[in-house]
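Q: I'm new to this one and would like to learn how to read it. Could we go through it feature by feature?

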Amino acid sequence: MALLFAFCSIIIAQEDIADTKRAIVPDERPIVEPPITASDREHWSFVPVKRPSLPEVSGKSAQQPIDQFILQQLAAKNLTFTAEAERGTLLRRLSFDILGLPPTLEERAEFLADAAPDAYERLVDRLLASPAHGEHVGQAWLDLARFAETDGFEHDHVRPNAWKYRDWVIGALNRDLPYDRFLQLQLAGDELLPNDEQARIATGFCLAGPDMPDVNDQAERRHNLLNEMTGMVGSVVLGLQVGCAQCHDHKYDPLSQADFFRLRACFEPAVELKKDKSTEWLKEVGKVDPARLWIRGDHRRPGTELQPNMPRIAAANDKSFVALLSSAPQELPETKKTSFRRTAAARWFTQRENPLTARVMVNRLWQQHFGRGLSATPSDFGTLGDSPSHPELLDYLADEFVTRGWSMKDLRRQIVTSAVYRQQSLRGAEEETTWQLRLQADPTNSLLSRYPRRRLQGEAIRDSLLSAAGLLDRAAGGPGVLPPLPPELTTTLLWHQWPTSKREGDFYRRSVYIFARRNLRYPLFDAFDRPDANASCPSRIRSTTAPQALLMLNSAQVLQFAQHAAGRVDPQSPAELILFTLGRPATAAEAQTLEDFVAKQTTANAEAKRKEPLALPLPRDSQVNDARAAALVQAALALLNSSEMIYLD
C-alpha cells in the first residue's frame, strides 16, 4: 500500500511539473472585455466634478459654505443645527482632531481668556502649525498604506529602514505638501526627483505591505506583491476595489481583468526583488519586460501582452495616460533611465479632470473630523459603495480642494471652522421634546443634525494617558521604540521580537513612534481596534469588548499612569485630579463626590488585609499616610477610565 502511494505521488509530481512547463507558453488569445456603457458612466463617482451653486438658506446661521449644504437637507426635515458647543468642549475637540492630544492647561486658560472675535480661527491656525499635527493625522495615511516595520507572515523579519517612510509622511503633512505632489512622490518620487533621497523614501508607500522574502518561488512572490500593490493604489487613490479584478472581470463595477493588469504594468518595472531581503523602495533597473494579463490571476499562466494604462471607466474627458507617458521627461543619464510609467500614472491620477482622486481624499478628510465620510465607504466608490449623504457638498469641496492648490490643511480649516463642526453633541439646553424629535428625524445622524460623539482611537487614548500622567516625551522621528510589554505576553515571544528600548524616555514617546510589528500589535492598540497592517485600512472598526475595560482597569501600565497622575496633585485637594486627567476644573458637585470617594477608599485601604503593597502616587508624598495616598491613585484610575476621558464630545 505504501509503495502504491509513493508511486502515485511520483506520477502526480510529474504531472505538476509538466503543467508548469506548459504554463510557460503564453496564451495569446485576444482579450475580450465588457464594454463601458453610458449607464456605467452615469454612476455618481464617475461623473466629472462640477461645482454646484450654493443653496439658499436664508435666516439660518452659516459659518462656511459647507453649512449651507448641510442646512439645506436639515431644513427638509424641519431641523437646524444644535447650539454651538461651549468653548472648553470645542478646544478639546479641536485639539484631539488636529493634534491627537488633549489641550494643556495653559492652552485652555489662554483660549478661554481670549475674547477676540477671531479667537477660534486663530486657535485653529496655531494647532495646524504644530509639529504634533502630522504625527496625528499621519496615522490615518499609514493605515491606508498598510505601514509596519516588519515583513509579516511566519518570520515577520524587521525592515530596518521602514521608519523613514513614516517620518516622511509626518514631515510632508506638517509642511502641508499639496496632495497632488504628496501622491506623485509616493508613486514616482525616484523618477520625479532622481537625486533626492527623501523622494526615494516616499515610494515606500507602494511597498509598505506584507512580503515574504524567503519564499522559494520568487516569481510568485513578485506576482503577489505587484497584485497587492495595484489593488492598494486603486482603492486608496481612486476609491475603487480594483484588486477584485485580478482573477476575473469585476462582478459589479465596470473594471475588467485587463484594466487591472494595465494598471499593474505601470509598476512592474520598478519592483526588483532579492531573495531573503526586504524590498522597501521602488527602483527601476532599466529593463522592462512585456506586461501581460495572467489567466485567472495565476502567475504560472501568462496571457497576451498588454500596454500600461488606466482603468477605462475613469479615463473619460481627461488627458490620456498615453499622452502623459509620451511627454514624460527623458533627460536622465543612461545609468538612471526609467520607463516613466509611474510618473505618467501619478500625473494622470492628479489631473483636475479626474473625477475620483479629489473626491476620494476630501471624503477621507471629512471622515477624520466627523467619524464617517460623506460616503461611508471611503475606499469603495463603486456600484456597491455607499452613495454620499450630501453629493453636492462633496463636489463643492472637491472643486475647492483642487482650486486652492490641493492643500490638506486648508480643507481641514474649512471643515473645523464650519457651524456644523462646532455643534453640541449632547442635548445641552435644548428641550427634551425637541431633542427627541431631532433623534427621530435623523436617527443615524447622517444629516449631521448634531456633532457625532465618538471614542478616541487607541493611539490618542494612550497619548492622553501619558499627558494626564505628565510623562509624555515629545521627541520626534527615528526608528520605532519598544516600550515594555507585560510578562504574560513576552513569555510567548521569541527573544528577538520585542527588545525593550534602552532609554526610559522612549517608553513615553507618542504612539505613532511605537514599533509597528505586523504580527504583534501593542496591547492597548490591539484592544482598541488598530488594524494589523496586512491590508489597507480605510476606516477602523469601533468595537466594544470586555478586554478593553479589563486592560484599562487592570493593566500595570494604566495603573502606573494613575500613580503618576496622583503624584501631580495636592493630596488634600483630590479635585485637582480632574484638572490633570480631564483637562478642566471640577464642578462643586464633582469635587465633593471625589472627596467622598477618597475618604471612603482611605478607610477601606486602612482596614484591608493585603498580601501585596498598595499602589502609591509617584512621586510619593511622605507626609500622607499610605491609605489616603493609595486612595488618590484609585481615584485617578477611575477618572482615567471615565467616559469623558476616552470619548470626544
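Q: Is the crossing of helix 9 and helix 14 left-handed or right-handed?

A: First, some ground rules: this is a predicted model, where local features need pLDDT of at least 70 and side-chain atom pairs count only at pLDDT 80 or more, while totals for chains, interfaces and linings use all residues. Residues are numbered from 1 along each chain as its sequence is written, and side-chain values use heavy atoms, with hydrogens and water left out. Helices (H or I, at least four residues) and strands (E, at least two) are DSSP runs numbered from the N terminus. A crossing counts as left-handed if the near helix is turned anticlockwise from the far one by less than a right angle, and as right-handed if clockwise. Here, helix 9 and helix 14 make a left-handed crossing.

Q: At what angle do the axes of helix 9 and helix 14 cross?

A: Axes are lines fitted to C-alpha atoms, for helices over the stretch in contact, and angles run from 0 to 180 degrees between N-to-C directions. For helix 9 (residues 179-192) and helix 14 (residues 341-349), the angle is roughly 140 degrees, and the axes come within 8 Å. In contact (heavy atoms within 4.5 Å) are Q184, L187, A188, D190, E191 and L192 of helix 9 with R341, R342, T343, A346, R347 and F349 of helix 14.

Q: What classes of residue make up the contact of helix 9 with helix 14?

A: Ala, Val, Leu, Ile, Met, Phe, Trp, Tyr, Cys and Pro count as nonpolar, Asp, Glu, Lys and Arg as charged, and the others, Gly among them, as polar. On that count, this contact has five nonpolar, two polar and five charged residues.

Q: Is T230 buried or exposed?

A: Buried means under 20% relative accessible area, exposed over 50%, and partly exposed in between, using a 1.4 Å probe and protein chains only. T230 has a relative accessible area of 0%, so T230 is buried. You'll find T230 in helix 11 (residues 218-237). Leaving aside residues up to four places away in sequence, T230 touches F260, L263 and R264.

Q: What volume does the largest pocket have?

A: On a 1 Å grid over the protein atoms alone, a cavity is a set of points where a 1.4 Å probe fits but cannot get out; a pocket is an open set with protein on both sides within 12 Å along at least five of seven lines, and lining residues have an atom within 4 Å of a point. Grid points are joined across faces, edges and corners, and a volume is the space filled by probe spheres set on the points. The largest pocket comes to about 900 Å³. Of its 41 lining residues, G88, R92, P103, L582 and G583 are the closest to its centre. Helix 4 gives the largest share of the lining, eight residues.

Q: How many cavities of 30 Å³ or more are there?

A: There are six. The largest cavity has a volume of about 680 Å³, and of its 34 lining residues, H136, A140, Q368, Q457 and R540 are the closest to its centre. Its largest share of lining, seven residues, comes from helix 7.
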